[in-house]
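Me: I'd like to go through this one with you. Can you take me through a few contacts?

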Amino acid sequence: MTTRPPSRTRVPALPTSLRRRGARPLAFLGATALGLVILVLFVYPAVMVVVGAFRTSSPGFPGEWSLQGFVDAYTEPATYELLWNSTAYSFSVMVISLVLAVFFAWVVTQTNTPGRRFVTPMMVALITLPFLFFGISWAMLGNSSTGLLNQILRLVVPVEEGPLDVRSWPGIVFVAVLKITAINYMLMLGVFRTLDPALREASLMAGVSRTATFFRIELPVLAPVLLALALMGFVRGLESFDVPLLLGAPAGIEVFSTQIYDYLRNHFPPAYAQASALSVLVMAIMVVLVVLMWRFLGRRDFTTLGGKGQRVELLDLGRRRYLCTAAIVAFGLLALAFPLVQLVLGSVQSVFGVLSSGLTLDHYRTVLGEPGVVSALQNTAFVVVVGGFLAVALATLIAYIVQRGTSKLRWVLEGATWLPWAVPGVVLGLGMLWAYLSVPGLRTLFASIWLVMLGLIVVATPVAVRLANAAIAQVHRQLEEAARVHGAGRLRAVIGVVLRLILPSLLAGWLICGVVMAGELAVPVLLSGPGSQTVPVVLLEMTESGRSSEAAAVFTLMLAAMAAVLVLALAVRAVGTRVLRARQAPATPVATTAEPSPLAGSVPTAAPAREPSPAVPIRTAAEGD
């Protein structure tokens, strides 16, 4: 009797959902950890501002719960004057900057104005310059006695002083408009370029003139975008700190941000409760405006691009086009050329404002010999490099979860990162003081470069998240899926496919975050100490102490460093593009007997694929990672 050997029983493969269940706890723990980091960095400081308004002590010290901070802040008549000043300032900046942005966008996209091609590069340059640049340069340029612009005007106007004075209401509105116009222009340019030509053609065929078509047809189509930008401009006006502090405070003009700063710096002991109570009002106004803007944008259809070809017939302005060219030149001179000339010239004048005093480099020798200035330059470089990298890394993680995740809570993560954008920088700095000085183990961070860098990461992350979101959204999910079909795990697919494709965008985001951090004043001025000051804090101290020439020299060095980094980034990009093109050049085909995969070419690889051995099966996504 023969015994049959027991037959092999093949165990069926587990379903993909069961095999991936083991990885879900790790993913859940990672998402939870990231959520806690976002809560601590972005939500916790805002909550602590509200808590601090009810405390009678300074951050980190024992105290009692009280409403005295609200009583002192809201029973003072000056508070309601602040409300009127801030509203009038924000509304003026919003209206003027929006009108100028619409004008320049219309000139560039719809007319044959000579020189219109220079408008966009000029606006990009203005966006990269911090608000501090406009405040300090125009404080020098528009000085009623020694300002370069006033000295030129006095050659024509027979006055002993002036005639311009930027330390006034018109002056601070004018200087703030220069920067915010550039922001609005860049946000509006794409919408102008994608206007449906069918609307214009139908109006022209009905006998309406080209100019009337723009105001009666095209401009109303842009109304949703204009309203959204108007709300954004009003928010930016309420957040403004640098220009009102440098130009308004010396003339007795106060807004919310400068008054909060005054409570903390010019009162002894610092009036933390009153500053926090005033900050609660500012936060409430800002949150309402931001929510209205988001709800408005979410309920409107912004479709302006039709199915026909985009053939734009430029409007011939005739002789009026030279007036538009003159407007472009005037804006460029006032916003960019004159301030730069004043900074450079002021940094080499022996006596600031006296052209006949001669030129010298002593101011550069002086500032480079001061330990405080050298330390500020080193701190700024450290924050820009390390803090910018951390901000981009955090933003990339958040953006990947938002774009690739399926949970509805992922939008909460992105919304939380935008909370600092709805809070003025001086309020954010106050919130971080309350947040970290109230925890015993974190008090050692006070006045350290680490706390300054943490605050600047919070400031720059919203911008980085926006850039990372746009970059990841351009990478289709099929590329990751194709990599996983060929045996790559999820982490390897993300790093080898997604990260490689969005790396240029992340490097650009790193550069932009560095620019934002280097020019931020409101947060470091509250969080820094003697050994952790950044360049903007040192510039503020020099300007307030009357050292205008030394401040101009420091700012010129800072701008030169930023320009050098930008040139280096462009050079690296050019070299990288050439190397990439060289690698992608068609090579001599090699004979092979292997049949090409139908997915060949859909997944980027660092090296040519090897022919698999017949004895080793290729894993698929169904067989697990």
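This is a predicted model: local features need pLDDT of at least 70, side-chain atom pairs count only at pLDDT 80 or more; totals for chains, interfaces and linings use all residues.

Reply: Residues are numbered from 1 along each chain as its sequence is written, and side-chain values use heavy atoms, with hydrogens and water left out.

Me: What backbone oxygen does the side chain of Thr-111 reach?
Reply: That of Val-107, at 2.6 Å.

Me: Is Thr-111 buried or exposed?
Reply: Thr-111 has 0% relative accessibility, so it counts as buried (under 20% relative accessible area; exposed is over 50%, partly exposed in between, with a 1.4 Å probe and protein chains only).

Me: Where does Thr-111 lie, and what does it touch?
Reply: Thr-111 is in the loop between α4 and α5 (119-128); helices here are DSSP runs of H or I, at least four residues, numbered from the N terminus, and strands are runs of E, at least two. Leaving out residues up to four places away in sequence, Thr-111 touches Trp-106, Arg-116, Leu-314, Leu-315 and Leu-317, where contact means heavy atoms within 4.5 Å.

Me: Which residues of α4 meet α10?
Reply: Val-102, Trp-106 and Gln-110 of α4 meet Arg-210, Phe-214, Glu-218 and Leu-219 of α10. By class, that contact has 4 nonpolar, 1 polar and 2 charged residues (Ala, Val, Leu, Ile, Met, Phe, Trp, Tyr, Cys and Pro are nonpolar, Asp, Glu, Lys and Arg charged, the others, Gly among them, polar).

Me: New topic. At what angle do α8 and α11 cross?
Reply: The axes of α8 (residues 169-193) and α11 (residues 223-239) cross at roughly 160° and come within 11 Å. Axes are lines fitted to C-alpha atoms, for helices over the stretch in contact, and angles run from 0 to 180 degrees between N-to-C directions. α8 and α11 are therefore roughly antiparallel (over 145 degrees; under 35 is roughly parallel, 65 to 115 roughly perpendicular, the rest oblique).

Me: Which residues make the contact?
Reply: Ile-180, Asn-184, Leu-187, Met-188 and Val-191 of α8, with Val-225, Leu-226, Leu-229, Met-232 and Arg-236 of α11. The contact of α8 with α11 has 8 nonpolar, 1 polar and 1 charged residues.

Me: How many helices and strands in the protein?
Reply: 25 helices and 0 strands.

How values were computed
A polar contact is a pair of N or O atoms within 3.5 Å; within protein, one must be able to donate a hydrogen and the other to accept it, and residues adjacent in sequence count only if both atoms are side-chain atoms.
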